[in-house]
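User: I would like to understand the wording used for this structure. Could you take me through it term by term?

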Amino acid sequence: MLIPDNLFYTKDHEWVKIDGDNAIIGITDFAQSLLGDVTFIDLPKIGLIIKQTKPCATVESVKAASDVYAPLSGEVLKTNNELTSHPELVNKSPYESGWFAVIKMADETEKNLLMAPAQYKAYIESSQKK
Amino acid sequence: MDTSFCSELVCTPLIDKHKELGAKLAPFGGWLMPIQYNSIIEEHNWTRMSAGLFDICHMGEFAVEADLEKSNLDNLVTVNLKVMPLGACRYGFMLNEQAGIIDDLLVYRISQSKWMIVVNAATTNGDEAHMRKYMNSATRLENISASTGKLDLQGPRARDVLNDLIGGDIHLRYYTFDYFDLLGEKIIISRTGYTGEMGYELYMPNNKIAQLWEKLLADKRVKPIGLGARDTLRLEMGYSLYGQDIDKNTTPLEAGLGHFIDFDKEFIGKPSLVKQKQDGLSRRMIYFTALSRRSPRHNYHLFYKDEDIGSVTSGSFSPSLGVGIGMGYVGRELIPGEEIILKETGISIPAKVVNKPIYKNGSAKCEVKNAYTR
């Protein structure tokens with residue numbers, strides 16, 4: 001299970017890459033492996049204000065549709081158009097070409113609610129034991 | 001993987017094989033079964049292209065013996081047991097008095113007085129109870145599910161694979177079966193399946209099913225396929241799944257399966273079906289393809305010109321077509337090509353009505369020798 005060192009994570013298995021005032025978001029390797037083949041992604045519209053922990057996108061796999069929750073609040077600046085025709089990028093490269101959106105962070109302190117890589121790793125391990 | 005599951009769920013005899021292959025396991029019909037080994041889409045495409053091997057040990061089998069002059073067995077199923085040729089398979093139903101579907105099933109005629117009936121996993125015990133309740137003393141039924149393993153080999157290369165395994169030409173026509181010598185057993189192989197591809201169902205005693213599994217998987221043309229792909233393959237064909245598309249509250253006519261009913265014979269539920277035929281249907285099954293990759297799901301509402309006319313029973317992404325597909329009951333007649341919208345809170349999927357099969361290029365009924373060159 002890939003958990004890059006330079007990212008932050010949520011309990012719902014989204015990742016965040018901080019880039020100055022902006023944040024790039026996506027779903028984790030663990031999330032994509034649980035979902036299986038991703039077949040469709042409903043991305044937020046550019047300019048939309050998303051709120052931390054609230055649904056901001058939908059990911060469909062062969063079996064089901066799942067909500068993606070915003071890891072941080074902010075304005076959507078850019079979305080990954082490649083995912084419209086190639087949703088499988090989320091399976092192949094969840095942290096690189098499978099990114100979802102870039103947002104302009106509204107509140108820096110929200111970062112405190114995210115998990116560091118080691119914490120996220122421990123969180124996955126404990127949830128798998130249940 | 002936690003095997004304590006097996007105390008509440010029945011484990012397939014191939015459970016260790018599935019674990020070795022890294023399968024994701026999940027409960028299905030009271031059994032712990034492999035859902036996928038790697039990727040549902042890859043497994044689906046492999047079955048349409050080459051040959052897929054499915055563990056179907058969960059399904060139920062009854063060995064039935066009856067003298068049809070004295071037995072009322074024929075009354076229990078919609079299949080006309082009397083006129084079935086030896087070596088034939090027939091798809092049909094067990095119905096209740098209201099013509100609700102107790103189960104859908106496959107009947108094999110073994111001899112003049114012997115049949116095998118293959119039923120769904122979750123309904124096996126209920127079916128047995130229903131049959132024992134109705135059948136008279138001239139009918140003998142043995143539930144052989146626990147000792148009978150079943151593997152499905154499906155795909156355009158399935159025949160070549162089996163020919164190499166058996167060392168001859170298997171030469172079975174669609175919906176027929178025969179006995180073949182394999183691993184020291186005389187086993188039933190039928191030219192049937194649930195994928196729309198040329199393929200076979202193999203019945204092997206449970207204690208040798210793992211050997212058969214290994215032997216088939218040793219062939220490079222064959223890959224193991226989970227129940228996830230089995231579901232997308234059958235949905236592309238518009239085949240009903242018991243418990244989801246059909247159940248005790250639906251009739252074969254509503255489900256669009258009336259052509260499998262022989263109205264020239266008597267069976268439980270026939271008067272209700274005849275009445276439904278005369279009165280007309282209040283709902284019927286339709287099939288549809290979405291205009292995008294977005295896929296409808298079970299229970300999504302079906303709209304026609306702003307009117308809620310029904311709901312989706314099965315919906316999924318179609319790996320073969322690259323769009324969402326599904327089936328569901330509606331309260332009015334719709335013709336292929338008509339536009340509908342599938343809705344759920346915040347979701348609206350435009351789709352169009354199509355005839356079944358939704359996927360048209362299956363090799364199931366193919367009779368030419370090199371079936372896979374299509």
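Analyst: From the N terminus on, chain A runs β-β-β-α-β-β-β-β-β-α-α-β-α. This is a predicted model, in which local features need pLDDT of at least 70 and side-chain atom pairs count only at pLDDT 80 or more, while totals for chains, interfaces and linings use all residues. Residues are numbered from 1 along each chain as its sequence is written, with chains lettered from A and ligands numbered from 1 in the order in which they are written.

User: Why does the radius of gyration of chain A agree with a compact globule?

Analyst: The radius is taken over C-alpha atoms, and the globule rule is 2.2 Å times the number of residues to the power 0.38. For 130 residues that rule gives a value near 14 Å, and chain A has 14 Å, so the two agree. Along the principal axes, the C-alpha atoms of chain A fill a box of roughly 35 × 35 × 20 Å.

User: Which residues of helix α5 in chain B are called buried?

Analyst: A residue is buried if 20 or more other C-beta atoms, placed from the backbone, lie within 10 Å of its own, exposed if 12 or fewer, and partly exposed in between. In α5 (residues 124-134) of chain B, T124(B), D127(B) and M131(B) are buried.

User: Why do you say that the buried residues of α5(B) line one face?

Analyst: The arc is that of the directions from the helix axis to the C-beta atoms. The buried residues of α5(B) fall within an arc of 65 degrees, so they line one face of the helix. An α-helix has 3.6 residues a turn, so residues three or four places apart point the same way. Turned away from that buried side are the exposed A129(B), R132(B) and K133(B).

User: What makes a set of residues a nonpolar core?

Analyst: It is a set of buried Ala, Val, Leu, Ile, Met, Phe, Trp, Tyr and Cys residues joined through C-beta atoms within 7 Å. In the largest one, with 98 residues, L105(B), V107(B), I117(B), L151(B) and L153(B) touch the most other members. Strand β7 (residues 101-109) of chain B gives the largest share, six residues. A second, separate core of 30 residues includes F8(A) and F30(A).

User: How many residues of chain B are in contact with chain A?

Analyst: Contact asks for C-beta atoms, placed from the backbone, within 7 Å. On that basis 12 residues of chain B are in contact with eight of chain A.

Conventions:
Contact = placed C-beta atoms within 7 Å. Helix = DSSP H or I, 4+ residues; strand = E, 2+ residues; numbered from the N terminus.
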